[in-house]
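Student: I am new to this structure. Please pick one part and take me through it closely.

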Amino acid sequence: MKIILNPKYEHLRSYLTHLEEHFEREGKEIFRDRNILRTLQVGDLTLCVKKYALPSLSGRVAQRIYKSSKGKKAYFHPLELRERGFESPEPVAFVRYNKGLLRSDSYFVCLHSNYRYNMLDALTLPYDERTEVVHHFAAFAARLHEGGFLHRDFSSGNVLFDNIDGRYHFALIDTNSMYIGRPVSVEKGCENLLQLSGDDEFFTQLAREYAIARNAAPERCLEILKTH
C-alpha cells in the first residue's frame, strides 16, 4: 500500500489506510462510468473519493516504468493550481493498494466542493445572469491559460462555479490530465474553449470576452471557434 497524505489531514491517516473498505461499505455514489465517485463523511468533513478503473496492460506497464498514475496527478495538480491562486477542491490524499506486479487499485481523495453549479447549468440561467457568468468565466479562463495551465478535459462538467457575496468563483475538477508549463497561446486557448458545451450565442460571447481579456483580436478567436 502507498499513501500520499496532505499534512493538513494527518489525523485521517488511520481512516485512509483502510479506505478500500470504507469505499465499498460507506457513503453515497455520485458518479460511475469506468471510474467510480463516492462521497464519504468523516466527522465534519465530506470527502469526495474517486476510484480509478484498472488501466490497460500497456498502460500499467507504462505507469510502472515511467509514468505517474492518474490518481497521483489528480493529487498534485490541484495543489499547483491552488498555489497559483486558482480554485480546485483541496486534495487530501492519493492511496494505492498493490494487488500484484502489474495490478493495483488507486484512489484520489479531496474535499467535496459546495459549489452549486457547473458550466452546463450556466446555459439554463436567465439571460442577464448567464451573460454575467460567461463574462467572469472568460476572464478566469484567460488568467488560467496565461498562468500556464491547460485543462485537457475542459468540459463544462469539470468547471464548478458559484456566486459568493456577489462575486463569481470558479473551481476546476478532474485535473489529472492538465498541462502545466509555459503560458498557453491565444490560439491554443481558444481551441481549449471548444471542449465546453453551449450554443452559438454562448461561444460568441465567450470568444470575444476571452480574446479581449488576453489583449487579442476577438475576430481571431471567433474564427477558430467557427472552423472547428
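**A helix and its neighbours**

Tutor: The protein chain has nine helices and eleven strands. Helices (H or I, at least four residues) and strands (E, at least two) are DSSP runs, numbered from the N terminus. This is a predicted model, with pLDDT of at least 70 needed for local features and 80 or more for side-chain atom pairs, while totals for chains, interfaces and linings use all residues. Residues are numbered from 1 along each chain as its sequence is written, and side-chain values use heavy atoms, without hydrogens or water.

The C-alpha trace of the protein chain spans about 55 × 40 × 30 Å along its principal axes.

Now the close look, at helix α8. Helix α8 covers residues 200-213. Two packed helices are described by the angle between their axes and the distance between the axes. Axes are lines fitted to C-alpha atoms, for helices over the stretch in contact, and angles run from 0 to 180 degrees between N-to-C directions.

Take α6 against α8. Their axes come within 8 Å and cross at roughly 45°. The two helices are therefore oblique to each other. The cut-offs are these: under 35 degrees is roughly parallel, over 145 roughly antiparallel, 65 to 115 roughly perpendicular, and the rest oblique. The crossing of α6 and α8 is right-handed; that is, the near helix is turned clockwise from the far one by less than a right angle. On the α6 side, the contact includes Y127, R130, V134, F137 and A141. On the α8 side, E201, F202, Q205, L206, E209, Y210 and A213 take part. Contact means heavy atoms within 4.5 Å. By class, this contact has eleven nonpolar, four polar and four charged residues. (Ala, Val, Leu, Ile, Met, Phe, Trp, Tyr, Cys and Pro are nonpolar; Asp, Glu, Lys and Arg are charged; the others, Gly among them, are polar.)

Next comes α7, residues 186-193. It packs on α8 at about 155°, with the axes 11 Å apart. That makes α7 roughly antiparallel to α8. Their crossing is right-handed. V186, G189, C190 and L193 in α7 meet F203, L206 and Y210 in α8. The classes here are six nonpolar, one polar and no charged residues.

On to α9, residues 218-226. Helices α8 and α9 pack at about 140°, their axes 8 Å apart. That makes α8 oblique to α9. This crossing, too, is right-handed. From α8 come F203, T204, A207, R208, Y210, A211 and I212. They meet P218, C221, L222 and L225 in α9. Nine residues of this contact are nonpolar, one is polar and one is charged.

Y210 links these pictures. It belongs to the α8 side facing α6, to the side facing α7 and to the side facing α9.

Helix α6 (residues 127-146) lies across β9 and β10, running at about 50° to β10. Those strands belong to an open, antiparallel sheet of three strands in the order β7-β9-β10. Its edge strands, each pairing on one side only, are β7 (117-118) and β10 (167-172). Strands pair if DSSP finds at least two bridges between them. β7 and β9 (residues 159-164) pair in the antiparallel sense over two bridges. There, Y117 stands opposite F161 in β9.
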